[in-house]
Amino acid sequence: MADLRGGIDLGGTKIQTVVVEANGTLRGEARQPTPTAGGPADVARAMEDALREAAAAAAARPDELRGVGVGSPGDANGDTGVVSGARNLPGWDGSFALGDELSRALGTPVRIGNDVQVAVEGEYALGAGKGSNSLLGVWWGTGVGGGIVLDGKPWLGRGAAGEIGHMVVKRNGARCPCGRRGCMEAYAGRAAMEARARDEHEKGTKTDLFKIMEKRGKDRLTSSVWEHALREGDALTESLLRRAVRYLGTGIASACNLLDVETVVIGGGLGVRFGDRFMDHLATEMHKHLFVADPPMMKVAELGDLGGAIGASLLVRD
Ligand SMILES: [Zn+2]
């Protein structure tokens with residue numbers, strides 16, 4: 001029996017699972033939609049099903065795996081396996097012992113980590129950050145998350161480090177989904193960009209964003225809607241994306257002045273879609289604020305859709 005591990009990326013819309021070898025080679029994968037009703041126990045059951053499916057694809061049983069790692073939203077405690085306040089999951093305002101529950105169901109040890117941090121560690125070990133000694137990951141999606149690797153080790157602070165999205169880029173600036181003002185996420189997060197686009201649209205600014213959204217049967221401005229509108233030359237789309245990148249550049253430069261990392265990796269739904277296209281603009285905006293003489297290497301995440309789950313599998317100890 002090969003040395004196999006499982007990885008689960010628990011997202012707000014889907015649960016992605018993988019079974020990989022110790023070096024990250026993919027042996028099986030499966031995905032399921034995240035339940036939209038019920039509570040944490042229902043989500044855990046869907047995770048179990050998806051992991052069983054990935055294991056079957058790798059011709060293994062879950063209890064034959066060395067362990068399973070989980071990248072979770074909310075406050076994910078790596079020591080206790082408890083996940084609290086995962087508000088984009090149904091009925092998960094409180095705490096739930098996800099690690100214990102899954103471990104019992106799957107018959108193998110389960111370790112829990114923060115979703116963005118494990119994705120960043122995946123890129124560090126196997127993707128765009130390979131070969132670097134220090135790395136800042138910026139996950140540009142619905143919100144803006146981050147992860148840090150310093151001297152080859154994840155930097156978690158006391159458990160909550162890496163929240164670059166809530167770095168203040170403008171005092172008394174725009175209202176952030178977190179309730180504070182002037183955070184990077186208030187300008188660059190997809191949710192904040194959507195709110196701004198709606199405002200502008202209602203005030204009479206011409207845009208095809210919402211027409212495209214309806215035509216594609218969506219009820220919100222997904223990354224693919226933004227991409228489609230940009231391709232069609234929609235002026236508001238272009239200006240909101242450039243504005244987002246401007247503030248990303250401001251925040252990332254400040255983080256680099258503090259940490260002087262070797263590499264910055266841009267990931268997340270918007271990051272992967274727009275990273276290459278806006279990388280020059282991002283570098284220009286960063287350089288206005290960079291104090292360190294030697295700018296970091298700038299890269300787009302390479303592990304794709306499975307990156308979060310593969311990164312989670314690295315939580316499994318040898
Ligand atoms: Zn905030």
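Of the 318 residues in the protein chain, 54% count as buried. The model is predicted, and each stop below names something to select in it.

**The whole chain**

Show the chain as a cartoon. Its secondary structure amounts to ten helices and 13 strands. The radius of gyration is 20 Å, close to the 20 Å that the globule rule gives for 318 residues, so the chain is as compact as a globular protein of that length. Along the principal axes, the C-alpha atoms fill a box of roughly 60 × 45 × 35 Å.

Switch to a surface view. The accessible surface comes to about 14,600 Å², and carbon and sulfur atoms account for 47% of it. Contacts also tell how the chain folds back on itself. Among those between residues at least 6 apart in sequence, 62% join residues at least 24 apart.

**The zinc ion**

Select the zinc ion, then His166, Cys176, Cys178 and Cys183. Which atoms of these residues are the donors? They are ND1 of His166 and the SG atoms of Cys176, Cys178 and Cys183, lying 2.0 to 2.4 Å from the zinc ion. Along the chain, the donors follow the spacing H-x9-C-x1-C-x4-C.

Why is the arrangement around the zinc ion tetrahedral? The four donor atoms subtend angles of 103 to 114°, and four donors count as tetrahedral if all angles lie between 85 and 135 degrees. For comparison, the ideal angle for four tetrahedral donors is 109.5 degrees.

Cys183 is buried, at 2% relative accessibility. Cys178 is partly exposed, with a relative accessible area of 31%.

**Tyr187 and Tyr247**

The structure holds four aromatic pairs. One of them is formed by Tyr187 and Tyr247, and it is stacked, with 3.9 Å centre to centre and 15° between the planes. The pair links distant parts of the chain: Tyr187 is in helix α4 (residues 185–188) and Tyr247 in helix α8 (residues 235–259), 60 residues apart. Both tyrosines are buried, Tyr247 at 14% relative accessibility.

Keep Tyr247 selected and show what it touches. Leaving out residues up to four places away in sequence, Tyr247 touches Val169, Lys170, Met184 and Tyr187. Next, draw a distance from the C-alpha of Tyr247 to that of Leu282. These two residues are 35 apart in sequence and 9.0 Å apart in space.

**Phe274 and Phe278**

Go to helix α9 (residues 268–287), where Phe274 and Phe278 are four residues apart, separated by about one helical turn. An α-helix has 3.6 residues a turn, so residues three or four places apart point the same way. Are Phe274 and Phe278 buried or exposed? Both are buried.

Ring pairs link Trp140, Phe274 and Phe278 into a cluster.

**Gln117**

Select Gln117 in helix α3 (residues 115–126). Gln117 counts as buried because its relative accessibility is 4%, and buried means under 20%. Show its contacts, leaving out residues up to four places away in sequence. Gln117 touches Gly146, Gly147, Ile148, Pro154, Trp155 and Leu156.

**Helix α7**

Select residues 223–231, which make up helix α7. How many of its nine residues are buried? Eight are, so the helix is mostly covered. The buried ones are Ser223, Ser224, Val225, Trp226, Glu227, His228, Ala229 and Leu230. To see part of what covers them, show α5 (190–202), α6 (209–215), α8 and α9. Just after α7, look at Gly233, which takes a positive phi of about 80°.

- Asn172 lies in the loop between β11 (153–154) and α4.
- Asp260 lies in the loop between α8 and β12 (263–267).

Technical notes: Residues numbered from 1 in each chain as written. Predicted model: local features only at pLDDT ≥ 70, side-chain atom pairs only at ≥ 80, totals over all residues. Heavy atoms only, no water. Donors = N, O, S within 2.8 Å, 3.2 Å for Na, K, Ca; no water. Tetrahedral: all angles 85-135°; square planar, octahedral: opposite > 155°, others 65-115°. Buried < 20%, exposed > 50% of the residue type's maximum accessible area, 1.4 Å probe, protein only. Helix = DSSP H or I, 4+ residues; strand = E, 2+ residues; numbered from the N terminus. Rg over C-alpha atoms; globule rule 2.2 N^0.38 Å. Contact = heavy atoms within 4.5 Å. Areas by Shrake-Rupley, 256 points an atom, 1.4 Å probe, with all protein chains shown as cover. Phe/Tyr/Trp six-rings, centres within 6.5 Å; stacked < 30°, edge-to-face > 60°.
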